[in-house]
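Here's a quick briefing to read with the model open. Have a look at the structure, then work through the notes by topic.

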Amino acid sequence: MKRSLTFAAALLAVPVLLVAGCGDTDEVPAGAVAVVDGTTITRQTLDELLARAKKSYAAQKRDFPKAGTPEYQSLQTQAVAFLVQREEYAREAEKLDVTVTDAQIAKKLDEVKMQYFAGDQKKFEKGLADQGYTVAALRDDIRSQLVTEGIYAKVTPDVKVSDADLKTYYEENKKNYSVAESREVRHILVKTKAEADRLQSQLEGGADFAALAKQRSLDPGSKNEGGKLTVTRGQTVAPFDKAAFSLETNELSDPIKTQFGYHLIEPLAAVKAGTVTPFAQVKAQIRSQLEGERKNTAVNEWVTETQKAYEDKVTYAAGFEPPDTSTGTEETTTADE
């Protein structure tokens, strides 16, 4: 069974973008769960979607929520919201001149068949059946996916990022493209200063640092390496950091107190200079990031506008309404006021 084929079930796992208003439930005909600006969403469509979701749960070895539980109600609400959103998107796509052709859908179907079933028609049909899908249902989901992609393209064509924008972002976030100074050191961590003083005397008398570290150090990350570790500027606690980068190579520190105890630190090499990735090397990456962010902003604004447009155009059957998201912050007055 190919889980990636279950488009609708997968969509139940993500928040629905549009949460429409709720009208008079008496306006919803029998056998329907919602009406979107005159278009009915049937209970059968919802049941088929939930059935596919149930098969998806089984494929993932997850327990499907039992009917009547809060978890099931939540899943059902998401499913209804998804179907409502799909109808709203289809309507808005017409206004934006977004068209999806049968040829586009057929191409996607062929891609699915080839990617997951090596082009084998029988395996493809069995895969659909195993997930409770019909070809018609899969075509509907593919159409919805293509509509969403088309809307995205129509809403974001004017999003631009200039070279000046890229340079400004780079300069303001240069630390994200920098590698700080580093240094190879070794240390021994003990609990008390008295013990650190004793070990310092032994080391200054010629004792083997690595052997003492393995025997006495409380640092599990370095003791088995004879106390060796590579530290990066600013990545350790302040007293340790200061000593590690200020001592001369092979100079043994006095006991350094930190929140972990007392350290004896000895740098083993010179400080390795930090580096900054040149702007030219990350320019394309920054452009992709900023374009994505700005396109998402444009889409979110479109979503907000569309949500408002449908506030009074969606009606739900009783028991299928979205949860009340009002804040309850309106002021109330009392009889005494």
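This is a predicted model: local features need pLDDT of at least 70, side-chain atom pairs count only at pLDDT 80 or more; totals for chains, interfaces and linings use all residues.

Buried here means under 20% relative accessible area, exposed means over 50%, and partly exposed is anything in between (1.4 Å probe, protein chains only). Residues are numbered from 1 along each chain as its sequence is written, and side-chain values use heavy atoms, with hydrogens and water left out.

**Aromatic rings**

- Rings of Phe, Tyr and Trp (its six-membered ring) pair if their centres lie within 6.5 Å; planes under 30 degrees apart count as stacked, over 60 as edge-to-face and the rest as tilted.
- Searching the whole structure turns up 6 aromatic pairs.
- One of them is Tyr57 with Phe64, which is edge-to-face because the planes sit at 85 degrees, with the ring centres 5.1 Å apart.
- Phe117 and Phe124 are also an edge-to-face pair, 6.0 Å centre to centre with 70 degrees between the planes.
- Phe117 counts as buried at 8% relative accessibility, and Phe124 is buried at 3%.
- Tyr57, Phe64 and Tyr72 make up one aromatic cluster.

**Charges over rings**

- A charge sits over a ring if NZ of Lys or CZ of Arg is within 6 Å of the ring centre and within 35 degrees of the ring normal.
- Arg62 has its charged end over the ring of Tyr57, 4.1 Å from the centre.
- Lys167 does this with Phe279, its charged end lying 4.7 Å from the ring centre.

- Helices (H or I, at least four residues) and strands (E, at least two) are DSSP runs, numbered from the N terminus, and two strands pair if DSSP finds at least two bridges between them.
- E4 (residues 182–190) pairs with E7 in the antiparallel sense over 6 bridges, and Leu189 has His263 as its bridge partner in E7.
- E6 (residues 256–258) is antiparallel to E7 as well, over 3 bridges; the two form a hairpin with 2 residues between them.

**Asn250**

- Asn250 sits in the loop between helix H10 (238–246) and E6, and is exposed at 52% relative accessibility.
- Leaving out residues up to four places away in sequence, Asn250 touches Glu266, Pro267 and Leu268 (contact means heavy atoms within 4.5 Å).
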